[in-house]
Amino acid sequence: MQKTKFIGQVTKIKQTEPQTVIEWPRTLTHIHTYGLLSPFFQGLKEGRLRATFCPNKKCPENLLWIPPRAHCPDCHTEMKWKTLRNPVIGKVYAFTEVVYAGTGIELSTPYWQIDVQIPGLTTVPKSYLLYGKPYIGMKVKAQFRTDKPTNTVLDYYWVPVE
Amino acid sequence: MITFKKGNLRVPKWNRRVFMVAGGTTAYKKFFPEYRIEELAMMAFKQMLEDNNLKMDPLEVKGLINYCAYGSFADHFQDQLLCEAKVHDYLGLDPLYNTGIKAGGATGGTTILNAAMAVASGYADVALAAGWERMDEVDTRTGNFYIATAACKDFETRMGRVYSSYYAPMANRFAWAFNVSETTRAKIAVKNRFYACSSPYAQQPGKHTVEEVLAGPMSAFPLRFLECCAMSVGSACVLLCDEKTAYQLTDHPCEIFICGGTHTLRVADRRPMDIPLLPNESEGMYQELLKEGSRWPGFESFLAARFAAWLTYRMAGIYDPLEELDLVELHDAFTISDLQTYGDIGLRPYGQEQDYIESGDAYYGGKLPSNLSGGLLGTMHAVGATGIFQAVECLWQLQQKYDQFHGDQKIWKKWGKRKPRDWQSLQIPQKSKQALWVSHAGVGSHVTVGILKKSW
């Protein structure tokens, strides 16, 4: 007669007072799609910052979007892509120095996270400054991690415009 | 540019009046191995039914409930999907229907909104709104990463993996735009953590100084650790009723008004727009507000909070919040978010937010005290419970029960604490009529503004 066996790992007890507390290990990988925004992430690896815009002439929103969107939130029209001409120059709108970061952080701390106003955009995308110290209104230039890209939004960043 | 059409701006109106009659809460702890989450929910539920001086036997009151709304923020924190079903069963409320509510940091407020809608619509005469969070199954940095997945995972989560790094840029921008000293933010941390010293439920009470806050370790510049809220385990609940039942249960019910507003998950996507004006604000008063290159709401203000206040003040008939309210409980997840909200809900005009603190208005004994509960900085942020806990504190204050629920030695003992010798009552005056609480998510993605109005 075949008996059912325990094939798992014995659960570790972390403490017994005031009550029993066990460890419950979890490791997992999510399979995540960039969907219709895939061209944005592909563009970063090629050294290009790509935005979307609504082609509907009657739509009240005629500015560019980064983060891009595949559909216009105002009129629901499918957006079109536009590559920003290099060098892309923006101005620091807000900033922080990230000192204490959460688990899995991929940038060496501390680093400067910056929100950048880019001419022609309706949005103010969040990114980071590779070196230097930011201030509101500081001019910065986009650069790209074309060599050994991370395949994430970290593949573009900003440097001060001397 | 966000524009509205007329239907978008309709002010919500209940089909019948809704009242809050009782509340309950647990204490809050960073690590709470003594109890499972449903056990904590039961403890809050029992306090609500048994200790609120209701005029009916607790089990008879329970027998009136016919709908439940349950708030919990993050399934991955406690790794239990459909926790609503576990809690509901544990409270012995099957087969009454329950709805799980998820609205980030505004989960608690949204849960109460949902329960209020059930009563207002006639689905229920008596509805339970309960919330909880168990945030101690993972270490603090992993907890911070989990919370940061409430930023856009494609474009913003990787930029910090800690929520303080999404509020810190707002703090820098706000300081630059309105010439605000760091001292003002630090005073908020000192104030709320001090008020937490009077609460048997508080997780991180403390008598700190401004200098101590500013000299403390940095989370994300300029936000120091003492400017950031607790990560908590605990539960809270309230009971909502129609008018007839409310007066059957208590001589001291509070009528409730609550509305919500939303805005983008990414701060990046906040497009500029005109400021929706509150009842006591006038056209043109903000013409000089913004420096060149600035925009509203920008990173300085919260459209969601402004819109929720815009609706709730009209729903509740509030004209001047500073004059008409007697207590506010705000979502001080960070000192900066507290400060920003003063303008959004009209405690001061935009640009003059800091004056609410600097004038002394915000303090106990001041014109409109805020966060006497100790808030999120001093007492708790068990996310799904937070907006409910704040409402409970508002209710007890209006019912003149602050001392009953904070000064009783037995409550301190129940949670393994000793009542401090220098314990101070923070009861607001008897003449107080109205209290407001704000429940706030993300970087302002969901906000509810609720008002309780003394109805006796």
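**Exercise 1.** In which loop of chain B does B:Pro222 lie?

*Solution.* The model is predicted; local features need pLDDT of at least 70, side-chain atom pairs count only at pLDDT 80 or more, and totals for chains, interfaces and linings use all residues. Residues are numbered from 1 along each chain as its sequence is written, and chains are lettered from A and ligands numbered from 1 in the order in which they are written. Step 1: strands are DSSP runs of E with at least two residues, and helices are runs of H or I with at least four, numbered from the N terminus. Step 2: B:Pro222 is found in the loop between strand 5 (218-220) and strand 6 (223-224) of chain B. Step 3: the bond joining B:Phe221 and B:Pro222 is a cis peptide bond, with omega of about 10°.

**Exercise 2.** Determine whether A:Lys148 is buried or exposed.

*Solution.* Step 1: A:Lys148 belongs to the loop between strand 8 (139-144) and strand 9 (156-160) of chain A. Step 2: its phi is positive, about 55°, although A:Lys148 is not a glycine. Step 3: a residue is buried if 20 or more other C-beta atoms lie within 10 Å of its own, exposed if 12 or fewer, and partly exposed in between, with C-beta atoms placed from the backbone. Step 4: A:Lys148 has 7 other C-beta atoms within 10 Å and is therefore exposed.

**Exercise 3.** Classify the exposure of B:Gln400.

*Solution.* Step 1: B:Gln400 sits in the loop between helix 16 (383-398) and helix 17 (402-406) of chain B. Step 2: B:Gln400, not a glycine, has a positive phi of about 60°. Step 3: B:Gln400 has 15 C-beta neighbours inside 10 Å, so B:Gln400 counts as partly exposed.
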